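Here is a short briefing to read alongside the model.

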Amino acid sequence: MDYTEQLRELARRCGVGASYQGWDKVEHSVSDATLRRILEARGIAADDGDAVEQSLADLDTAPWRRMLPPVIVTVAGTASTVEVHVPHGDPLSVHLVTESGVRLDLEQLDVWIDPREVDGTLVGRATFEIPAHAPIGWHTLTASSDHGRGEVTTSQCPVAVTPQRSTANDSVTDRQRNGLLTQLYSLRSNRSWGVGDYADLTDLTSIAGRVHGFDYVLVNPLHAGRPNPPVEASPYLPTTRRFFDPMYIRVEDIEETSYLPPDKFAKIRRSAAGFIKADKGTRRIDRDPTFRAKLSALKRIHRVERSAARQAEFDAFCTREGSGLDDFALWCAIAEKHGPDSAVWRDHAAHPRTDYATAQREQLAERIHFHKWLQWICDDQLARAQRVALDSGMDIGVVHDLAVGVHRHGADAWTLGDALVSGVTVGAPPDNFNQQGQNWNQPPWNPDRLRELGYTPYRDMLRTVLRHAGGVRVDHILGLFRLWWIPEGSTSAADGAYVTYDHEALIGILVLEAERAGAVVVGEDLGVFEPVVQEYLGGRGLFGTSILWFENDGETPIPPENYRRLCLTSVTTHDLPPTAGYLRGEHIALRSRLGLLERDLDEEIAKDTAAREAVLDLARARDLLPDDASEQETVEALHRLIQRSPSVLLGIALVDAVGENRIQNQPGTDETQYENWKVPLADDNKKAVWVDDLVDHPRLVSLVKALRSQ
């Protein structure tokens, strides 16, 4: 076997694809250089034939070198097995202690595996059964082996018993439910500071539920960015996915604000008043002045003495979030002092436990306390948004969006260490809507290290996102099955490979944590994927995603009556223009201006026009769209068209409901090419739409009426 064959065998064993089928249905081979760099990023030697041979041998031997696996993830109602390794012939006992303290002694199965010599010791393998009646939850498995003469070896590992299906998802399949999809920063009020905030979200849920009868509101990711300006515009490139963005705090809603001295309170009111012009603006969202002004006000409020009850609530929050919050706040304090791109991270603070970082915990104690307090305020205001949503009649409420990854130089990359992989970034291979591929410049989870950590960082992230959520949309949920890794320095996003993950563990833990939160899970499963993905998600009760324009069988649009039932279906998405703009071909014109087309422009326009007309013909065939329909009537007809689907969730983009036509994000571009994630919400007359306007906004009222007429 030559080196290339050896390398491909090692890649296969490690879940790295040596080839992939692209959107063009052609099989593409991955280069040796790409495979080698991806393996080495995971700490798997592959320099030459000898290194590959040794790595293959290590893969075989690794399980025999440990008594228990690092973690076990199983499904309730199904018996599973665990393999335990001890010196051959030593007696062994294994038991499970549930999180409620109940002990279950495990039965050893009659499974014979020949012992193996490992590092000079003959090691045996015993197989035990975790019973099907083990309850869902996080439990602890303990194995003990008596070597004689009082020598006992004990090992433990976490066991996650996950639900077979999401009962929260199953509970909302009795009828079709409608929700609003919005980018929170773009939706403002006369009380905003130039950027939509948590209080605007609260008001939106109240109006959407009480006035218009919506069942949920889905927002963009609210993950935290940099701790001070300049702010990253993309909500999908946060510094952390575990904690929330203080930029969205409504300053005036903090209880301690009312206890400020009059002169300091007056300063805050003057700051707020200074953003009235920005709130009315429709050209672009400028986050930096907003965040700068809010931080100044928040620092004053932080100094106000809290009541005994409020202090106890804050202390309880800090205790619950533990070392994860401590490390995040430390990162924020150091990043404030030096910047997130400073050489100090490389030279002195490579991780949270260096001598320098330890010293900074004391020196920056006040700033660390401030950043922990900010997270408590975010938590409090998000809790209120969900309470109001449910009180307004919604039976789901706020649906949060979980981004694919984080910034390479952000808090998660620092605090989680080798749980994230350096030397590679995540993206997507070329597809029909971005024919040059995409590089999202985010480090991926390390599947090996994540398993070694018992999936704790992943679990803790989910718990925070779900704490005050009625649901969660998992962006690019295909990434829990496989991710497109691109070695740093590659000339093209196409120079990558797919790396597989233990989807049964990752999806299982997602279902478990959502079950505990009572939250619905929606997976964004668009793009290139294997059919088994949707089958598996559906089997666990999770919802997928359908976009009207993408639902095709070859060149033919799929009738909405044939869409998936366990699905959130919408006409458009934030990576496309609002429907009004899409009908005008704005997406083709923009991609042409930016040089993102691989085909001839006229050919692209012709194909796109034909595809749009084929979809419109579906509406015409159902007498939903007259030949002389206006643009607004066409938008309403397309929403009535998807209402004909069996999908249990319908998503109505707020931009469609008010007549906006500008795209929020053009994939594959940066801020020098397009104002991604900076477009304020406006109507068809280019007038700013505030959250208060939604009570009786003519187009929204008309769209809701059209949907109710079905």
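Strand β12 (residues 177–182) is mostly covered, with six of its six residues buried; buried means under 20% relative accessible area, exposed over 50%, and partly exposed in between (1.4 Å probe, protein chains only). This is a predicted model, in which local features need pLDDT of at least 70 and side-chain atom pairs count only at pLDDT 80 or more, while totals for chains, interfaces and linings use all residues. Residues are numbered from 1 along each chain as its sequence is written, and side-chain values use heavy atoms, leaving out hydrogens and water.

**Strand β12 and its partners**
- Both faces of β12 are covered: Arg 177, Gly 179 and Leu 181 are buried on one side, and Asn 178, Leu 180 and Thr 182 on the other.
- Strand β25 (residues 649–653) pairs with β12 in the parallel sense over five bridges (pairing takes at least two DSSP bridges).
- Within β25, Gly 651 is the bridge partner of Gly 179.
- Strand β13 (residues 216–219) runs parallel to β12 and is joined to β12 by four bridges.
- Val 219 in β13 stands opposite Thr 182.
- Strands (E, at least two residues) and helices (H or I, at least four) are DSSP runs, numbered from the N terminus.

**The positive patch**
- Lys 264, Lys 267, Arg 270, Lys 299 and Arg 303 form a positive surface patch.
- Helix α6 (residues 262–273) gives the most to this patch, with three residues.
- Lys 299 is found in helix α8 (residues 287–302).
- Lys 299 is partly exposed, at a relative accessible area of 31%.

Conventions:
Patches are made of residues with over 30% relative accessible area and no salt bridge: like charges are joined within 9 Å, nonpolar side chains (Val, Leu, Ile, Met, Phe, Trp, Tyr) within 5 Å. Accessible areas come from the Shrake-Rupley method with a 1.4 Å probe; for residues, only the protein chains shown count as cover. A salt bridge is a side-chain nitrogen of Lys or Arg within 4 Å of a carboxyl oxygen of Asp or Glu. Lys and Arg count as positive and Asp and Glu as negative; His and the chain ends are not counted. The place of a charge is taken as NZ of Lys, CZ of Arg, CG of Asp or CD of Glu.
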